[in-house]
Amino acid sequence: MKKWYRSVLSLVLVAIAVLSIGCSSAPVAKGPLYSPEQLAQIEKYVSDVDALRVRMQEIPPLVQNKQWVDVQSFIHGPLGELRAKMTRLARLLEPKKAQPAALDAAKAVFGHLIAIDEATQTGDSQKALLNYNEALRDFQVFLDLMPTTQNG
């Protein structure tokens, strides 16, 4: 009787092993998150946005020289499109991962630009420069979220 019991037990264990291996699904290879065309479009927008980030370097000398009207003109002029461009770029990103963080970073950058604009109205150099530095930090967070052809 014991021999029969061992044979049945062995058969059951083999059946369980075959079923568990057969029913498990193999890992599915995921393709890239972005097509080459999407990456090209994102990189074009990144280039445009980064050019505006570089132009932001014009703000500190204006603040230090207390050229408040020029700071305001710069924020509302060349940087006036920044919010729209950053938002448009963020919306091109993967919606569940990078997009929410990129939208938050863009909002933070714009908030700092508003604070700089407010500082010009009161002549507060310290507030303007502090928010300038914070804007650059948040700008870097935004740019770090962008895919490249290497990490697509």
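Which residues does S125 touch, not counting residues up to four places away in sequence? I looked this up and found V63, K66 and W68, with contact meaning heavy atoms within 4.5 Å.

A note on what I am reading: this is a predicted model, where local features need pLDDT of at least 70, side-chain atom pairs count only at pLDDT 80 or more, and totals for chains, interfaces and linings use all residues. Residues are numbered from 1 along each chain as its sequence is written, and side-chain values use heavy atoms, with hydrogens and water left out.

**Confidence.** I checked pLDDT, the predictor's confidence in each residue from 0 to 100. The protein chain has a mean of 85, and 76% of its residues reach 70 or more. Helix α1 (residues 2-23) has the lowest confidence, at a mean of 60, and helix α3 (residues 59-64) the highest, at 97.

**S125.** I placed S125 in helix α7 (residues 125-144); helices are DSSP runs of H or I, at least four residues, numbered from the N terminus. S125 has a relative accessible area of 16%, so I call S125 buried (under 20%; exposed is over 50%, with a 1.4 Å probe and protein chains only).

**Helix α2.** I found L39, I42, Y45, V46, V49 and L52 buried in α2. Seen down the axis, the buried residues fall within an arc of 140 degrees (taken from the directions from the axis to the C-beta atoms), so they line one face of α2. They pack against α5 (82-90) and α7. On the other side of α2, I noted P36, E37 and K44 as exposed.

Terms used
Helices (H or I, at least four residues) and strands (E, at least two) are DSSP runs, numbered from the N terminus.
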